[in-house]
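Please consider the following note on charged side-chain pairs.

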Amino acid sequence: MKIAKLPKPERALDPQYIKKLDIKSYDADNLYPQNVRNIVAASKTGSGCLDRYCDYLEGRGITSEALAGMAVNLNGEKLADLHALVAKDLATFNGFAIHVNYNVDGKIVDMHHVPFENVRLVEPDDAGIIRMVALHPDWTGTETRGGKQIKINKDTVDYIDVFNPDPVIVLSQMVEAGGPQFYNGQVLYYSREGHLQYPFATFHAVLTEMSTDEGISNVLNRNVRNNFLPAGAFVRLKGSGAPFTGDGVTEDHYTDDDSYDEDLMALQGDMEAVNIMDITVESKDDVPSFINMRGNNYDAEFTNTANETKDCIYAKFGQEGWLAIRNGKVGFSGTLVADVERDYAKRQLKTQAAMTRAYRSILLYWSQPLPEEATIDALTIVPLVDLTTPNA
């Protein structure tokens with residue numbers, strides 16, 4: 001079959017031009033990062049895999065302890081602190097952003113992590129070049145300050161030049177801004193999708209599975225909380241001697257009102273299961289009897305879906321080894337676990353190198369003397385586990 005005849009998939013991202021803000025939206029609603037964060041946070045499997053990915057991407061920090069412990073802004077934030085935030089954004093969104101400020105000599109005086117979900121790209125100019133990014137603390141428009149919502153308009157959006165540490169460029173931007181006191185610095189915007197491109201989340205292909213994972217959890221929760229019924233109901237003639245005594249019934253329980261529906265509803269759920277419901281009847285022809293009650297349990301019906309969902313999510317994160325160990329598909333041993341950990345740590349080296357290059361590109365223009373030269377080796381990220389094979 002010709003590929004042109006295959007069903008056309010929907011566009012994964014649908015950016016729009018928002019004229020009133022002069023930006024290219026991050027998906028049709030401009031909330032792709034926010035939507036992604038909400039989906040993964042609601043998935044127990046997805047959030048677990050993402051936490052592990054974050055840990056391995058951050059590793060044990062920067063090789064040079066002197067550089068790692070260096071304060072990088074007036075808030076006293078260390079480079080190691082910034083690295084942890086950058087690694088988390090990179091693991092989640094496949095991108096990160098760092099804001100830098102300059103002195104009058106065109107040297108960098110400080111840098112701050114910028115939450116990646118707060119950054120949007122300004123529309124390219126006539127030459128097709130994106131020269132600025134737009135920052136806003138909450139693109140959903142729900143955050144408040146001083147009891148008032150932060151509106152989304154040009155007055156509340158900061159437009160910052162993209163990172164270019166060339167002193168000639170920096171000084172020209174200062175002049176254009178009206179002087180150093182009006183200059184807002186630059187933002188280093190990194191995307192694994194390409195230069196100044198909106199990236200897809202690392203786990204974009206399994207967002208549907210993560211949403212399914214949340215749905216399965218909701219159904220199982222409702223099954224436990226609402227579906228379980230009393231063990232049974234003892235039906236007897238009204239006023240005929242002492243009632244049946246069993247689990248949950250220790251005293252007379254005669255009722256004259258028609259409250260069966262309310263009583264049955266009150267006895268559903270995990271906290272009321274296996275109680276005995278006492279019911280009285282009016283007619284002498286009705287013989288006292290015990291009626292078993294059993295609700296439908298849907299756990300087994302969701303097993304296949306749950307397993308398939310979990311397999312897809314683990315696979316997208318490249319964490320099949322841990323899933324196999326968890327499911328007992330392979331033997332459990334210290335050597336096996338070490339092999340899985342070492343293999344996963346090796347997979348992060350290429351991505352970690354991108355963070356190293358970003359830090360170095362900033363520190364090469366640092367205004368103050370560094371505690372150690374900002375070389376690639378000094379800024380290399382130490383893997384979370386030892387990559388050397390024992391007895392190799």
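**Note on the salt bridges**

1. Arg 347 counts as partly exposed, at 45% relative accessibility; partly exposed lies between buried (under 20% relative accessible area) and exposed (over 50%), with a 1.4 Å probe and protein chains only. Arg 347 and Asp 343 are separated by about one helical turn because they stand four residues apart in helix H10 (residues 334-347). Helices (H or I, at least four residues) are DSSP runs, numbered from the N terminus.

2. This is a predicted model, in which local features need pLDDT of at least 70 and side-chain atom pairs count only at pLDDT 80 or more, while totals for chains, interfaces and linings use all residues. Residues are numbered from 1 along each chain as its sequence is written, and side-chain values use heavy atoms, leaving out hydrogens and water.

3. How many salt bridges does a search of the whole structure find? The search finds seven.

4. One of these joins Asp 125 to Arg 131, with the closest N and O atoms 2.6 Å apart. Asp 125 is partly exposed, having a relative accessible area of 27%, and Arg 131 is partly exposed at 47% relative accessibility.

5. A further salt bridge links the side chains of Arg 145 and Glu 143 at 3.9 Å, N to O. Arg 145 is exposed, with a relative accessible area of 54%, whereas Glu 143 is partly exposed at 31% relative accessibility.

Key:
A salt bridge is a side-chain nitrogen of Lys or Arg within 4 Å of a carboxyl oxygen of Asp or Glu. Helices (H or I, at least four residues) and strands (E, at least two) are DSSP runs, numbered from the N terminus.
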